[in-house]
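Q: I would like to learn how to read strands, turns and backbone angles in a model. Please take me through them one by one.

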Amino acid sequence: MSKGLGTTVGRSSRRRLLRLAGGGITMAALGAGLTGCEDELATGGEGSTPPPRSASPEDGKAPADGKAPEPLWTKSTSAQTYGDNDELVAVDGVVIASGDPLAAFDGATGEERWSLPDGAVPGAPLLLGDGTLYLESGKYDGSVAGYVPGSGKEAWRSRLGKEYRQPRPVAVDAEQVYVIAEILEADGSSHTNVIAALNSGTGKVAWKEQRDLGTQQNGIHAAVQGRYLVYTDFKNNLTVRDTATGKQVWTQKTTKTSYGPFVVHQDLVIVPQGRQLQAFALSDGSEKWSVRTEEFTSFREPSLLEDVLYIADSARTLWAVEPGTGKKIWQSTALKDASAQVPRQFVKVGGTLYGATDLDEQGGIHAFDAKAGGLRWTFNDKSGDYHSWLVATDGKRVYALHGKKLHALPA
């Protein structure tokens, strides 16, 4: 599956508020009552679960259950993020957070490797494909650029055309970069937008298709799977196009607007829609399976890791699901038992699943037993920053971004 999964363009405070409305506000409303009765031995007191160790784990190893690790290093960054999964990446020995200037830090030491002023629009997705980092230009010059992640050197640049405004990458595969752009009118206004493919070798336009009137260039999540480009938007649309021609294969309305990422697995696209998690065939949009959570409960954003789909719901239940069938592998109430916040982004290293939360109180980076969902520990930097937590991994370390603080944790 190509990178670009669950990518969003068009960040704003509205994006964050909408996601909070999807599940987090209920949690916040309940928080005051829950905090008063939580087990302080289990959580380490109000506002965090449990306090970091006084020293780093021996030989950089992960701590024992119940003990959150002390960071291997912490750096202040120029990060300007809006809480989307693709704003923090770890690749080629560096970790990069969306911001201005765009900066890459050595994964092992935290030392800055390179910095790129006007390299990317703050909050824009960091798309990885075929060893290249693709960015919407921070110079607002109508270009899309590709860089070598380890060095920051420019490797590719393309422009869609003067009649289009600020093409925004939404997905990438081994051959093409897919962008959304506004179509300019003679007076400089725009009422329509175009989706296009740029050849990742030459930068030439492979195809471009005008989207329907009333669609928006903001709020797009996209993924590529083989011959299919899949995307959702704020207008309750789930759309699939042919990657070779750009022609629409099918589109349909979803029962709920998808404000966050979805996943694709083999021949399926899997989308959370309120209390339903639904899988549709990429070829024709037919429903293949559906899972429901409790009444008055909503699913959060899913992650597909090593052929297992992980997802939490607003009732603080963590699910592991077979993506091909929708069959439940396990459910865990460890979050509910610990009065902990619900994660909305996951990474996995070995037998540990790491989840990043939206809200900070009783949140942060949770570490779970990937086999059964037990909560091992939670890391929180106690800064009280209102930004969502983001998590990434290089398989050796886990990187946690909170506001402008970037922490490296032992995996």
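**Strands, turns and backbone angles**

Q: How many residues lie between β8 and β9 in their hairpin?

A: Strands here are DSSP runs of E of at least two residues, numbered from the N terminus, and two strands pair if DSSP finds at least two bridges between them. β8 and β9 form a hairpin with six residues between them. In that turn, Y140 has a positive phi of about 55°.

Q: What kind of model and numbering am I reading?

A: This is a predicted model, in which local features need pLDDT of at least 70 and side-chain atom pairs count only at pLDDT 80 or more, while totals for chains, interfaces and linings use all residues. Residues are numbered from 1 along each chain as its sequence is written, and side-chain values use heavy atoms, with hydrogens and water left out.

Q: Which strand does β9 pair with over five bridges?

A: That partner is β10 (residues 154–159), again in the antiparallel sense. Y147 has E154 in β10 as its bridge partner. The hairpin of β9 and β10 has six residues between the strands, and G152 takes a positive phi near 80° there.

Q: Is β9 (residues 143–147) enclosed or open?

A: Buried means under 20% relative accessible area, exposed means over 50%, and partly exposed lies in between, with a 1.4 Å probe and protein chains only. Five of the five residues of β9 are buried, so the strand is largely enclosed by the rest of the structure. S143, A145 and Y147 point one way, V144 and G146 the other way, and all are buried.

Q: Which residues lie on each side of β3 (residues 88–91)?

A: L88 and A90 are on one side of β3, with V89 and V91 on the other; all are buried, and both faces are covered. β3 pairs with β4 in the antiparallel sense over four bridges, and V95 in β4 is the bridge partner of A90. Two residues separate the strands of this hairpin, and D92 in the turn has a positive phi of about 50°.

Q: Where is the cis peptide bond?

A: A cis bond is read from omega: from D100 to P101 the peptide bond is cis, with omega near 0°. P101 is placed in the loop between β4 (94–97) and β5 (102–106).

Q: Which loop holds N236, and what is its phi?

A: N236 sits in the loop between β16 (228–232) and β17 (237–242). Its phi is near 65°, a positive value in a residue other than glycine. N236 counts as partly exposed because its relative accessibility is 21%.

Q: Is E306 buried or exposed?

A: E306 counts as exposed because its relative accessibility is 58%. E306 lies in the loop between β23 (303–305) and β24 (308–312) and has a positive phi of about 50° although it is not a glycine.

Q: In what order do the strands of the open sheet run?

A: The order of the four strands is β27-β28-β29-β30, with antiparallel pairing. β27 (343–349) and β30 (375–379) stand at the edges with a single partner strand each, so one side of each is left without a neighbour in the sheet. Six bridges join β27 to β28 (residues 352–357), and Q345 has A356 in β28 as its bridge partner.
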